[in-house]
Amino acid sequence: MDSLLNAQTVLSTLDATLRVSTPLILCAMAGLFSERSGIIDISLEGKMLSAAFASGALAAVTGSAWIALAGAIITSILLSLLHGFACITNRGDQVVSGLAINVLASGLTIVLGIAWFSQGGQTPALASEARFMPFELPLIESIAHIPFIGPFMQSVISGHNLLVYVALLAVPLTWWIVYKTRFGLQLRAVGENPLAVDTAGISVSQLRYKSVMIAGILCGIAGTYLAIAQNAAFAREMTAGQGYIALAAMIFGKWRPVPALLACLMFGFLDAVSIRLQGVALPGIGEVPVQLIQALPYVLTVVLLAGFIGKAVAPKAIGVPFVKER
Amino acid sequence: MSTSNIELPAWIEILLIPILNICMALFFAGLIIFAIGENPIDAVRIMLTGAFGYDEGVGYTLYYTTNFIFTGLAVAIAFHARLFNIGGEGQAYFAGLGIGLTFLLLDGMLPAILLIPIGILAAALFGALWALIPAWLQAYRGSHIVITTIMFNFIASSLMVYLLVNVLIKPGSMSPETREFSEQSWLPFMHDVLSNFGIEVTRTPLNMSFVLALVCCLVVWIYIWKTRWGYALRTAGQSEAAAVYAGIKPKRIIIITMCISGALAGLVAVNEIMGVHHRLILNFTAGYGFTGIAVALMGRNHPLGIIMASLLFGVLYQGGAELAFEMPKITREMVVAIQGLIILFSGALALMLRPAIVKIWLAIRPIPSTPDMGGQHG
């Protein structure tokens, strides 16, 4: 037990929490933009997976992390546009469209990976120049002696790669865009009552296209993080359901940026703890099955959706195609 | 001008548009194969030979088809009540647990004539149970069934890993699976059944659950279109307000329909566990639940269409295995990509071609006699 609770373990668990939460945070913000505009987005998983593949492949070929990031974002935006074309322009079913993107991404990343690199679906391992590597924040040494805050800043906050900080900045930025800008106001309105937005002379389609494209950018960064920052190559199915966890976290956060961030951190913490608890017996409880902790995000989300812990109310117009001429 | 309220003749709506959609999906699949550097025409030839060229191929094709009929019907019946059951995968997985628990308890004690029906019922029951919770939450707590069924897929997966690794595992075994069930619980293989009639075919996993799948198609067709329950189900799917006005209780429809849907998905476990593996193993559902969505969309939620779509996916799965063998650059996952394209074109983009087809139809339709039915405003 001692080894579980000493300061070093706590700090390193929190550090791991931040690392596994990063793709969740980015995808949850992506889902938030899309769903607040009235477009259900279960394709976070597929966009992130495609972006991860694109960045892994591009980094291997060009050796540049930045080109890889750009390519991943473009790939993910193209899938967003496909989603938009299906459910904004052609009024197709949003869930079906999202599912199609997920299934397509799952198959195509492996097929292309094997065809191009012949490594069983992996992309070649990357040198550190082609990746986003961890770095220490400036001035961190000078506050290291402050009790509590110093070690916390040094081992938890500092020493990550750039994309972790991008994810952390994405949250206040999302909050600011959604709640403090003209675009954000229109975005929230179009998710609640598109007819009113249309009557005010604003294009519903344009707004929704913009929102799904922002979602594409964020999923692109998340995929890049997985393939060339957290890991040193793309591996088949490497998203492993994290897109769905992010969707759950966004719902858990009731479609709001800061609560969604907290949900992501909680789910990330559960993940980090589940690795640490493997084979450890807790006093009074015994060994907690890893699978139980892994399933907890999904169970909690279902319980929340059932209205047993507060009420999660989705944007009113979500999932309904907008027909201008009724 | 909106074209969505102009009526087209049935053959265009039911045959032409769906076929064009599938053609588009297959065209893009061909493009992918071409981009990889293989010849799409050769690929199709290898796939068809692999699926139909010899009796072993046919057996495997029909064995896959069986799974897709079950999951396709499961998705389709829910669609008729305007419910989207993405949880077929989890329901089938959990149904496997039903069979596993039943047989671990009973398989030494009962004869085949009792054991097999009990196993089928257990699968249906457990499948229904795993759909019941999301259904109840949708009906009485307003939780979105798409999200809850997705979550239940993951929960089922974690639960099964835990049970197989820690509880149900064969004592002393390293791999997470149960002991083999006694032979009385096995569904007869098709090659054994046929050899009783003097027809010798190669051993394949194809078993009697294929017959069960065809029976299910008939039963679902009768249920949806020939019974009052089916009428209530379709009414609730078309318009909840109309259903309430007609004295139908939409909440009850949600529960019943989802239970039937879950039970149908659960029958995948009959094919896989009772028919082929004869023990409970990890991940025996192998994505069949998700393929069911593509099958239902392609088959337009009609049992006959589902049989045809399932057969096509059976060809893709079996032929795809052959293709991976013959063309080393192409892997089995190509089938997953094709599945995604079919969900895209037959599902999400199902209406993409319609406006153009309406325009062509208005220009070339044979008798422009009947007064226009209000389609031309705006």
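Here are two exercises on a predicted model, each with a worked solution.

**Exercise 1.** Describe the side of chain A that touches chain B: how many residues does it have, which elements give two or more residues, and which classes do the residues fall into?

*Solution.* 
Step 1. Start with the count: chain A brings 37 residues to the contact, and chain B brings 41 residues.
Step 2. Now look for the elements of chain A that supply two or more residues to this side: they are helix 4 (65–89), helix 5 (94–117), helix 11 (242–252) and helix 13 (290–305).
Step 3. Pick out the top contributor: helix 5 of chain A gives the most, with 14 residues.

**Exercise 2.** Turn to chain B: which domains are assigned to chain B, and how many residues of domain 1 are in contact with domain 2?

*Solution.* 
Step 1. Read the assignment for chain B: domain 1 covers 1–38 + 330–369, and domain 2 covers 42–227 + 253–328.
Step 2. Find the separation of the two domains of chain B: their centres, taken over C-alpha atoms, are 28 Å apart.
Step 3. Count the contact: in chain B, 15 residues of domain 1 meet 15 residues of domain 2.
Step 4. On the domain 1 side, helix 1 (10–36) and helix 14 (333–348) of chain B are the elements that give two or more residues. Helix 14 of chain B gives the most, with 8 residues.
Step 5. Sort that side of domain 1 of chain B by class: 9 residues are nonpolar, 4 polar and 2 charged.

Note on methods:
Residues numbered from 1 in each chain as written. Chains lettered and ligands numbered in written order. Predicted model: local features only at pLDDT ≥ 70, side-chain atom pairs only at ≥ 80, totals over all residues. Contact = placed C-beta atoms within 7 Å. Helix = DSSP H or I, 4+ residues; strand = E, 2+ residues; numbered from the N terminus. Domains from an automatic or database assignment. Nonpolar A, V, L, I, M, F, W, Y, C, P; charged D, E, K, R; others polar.
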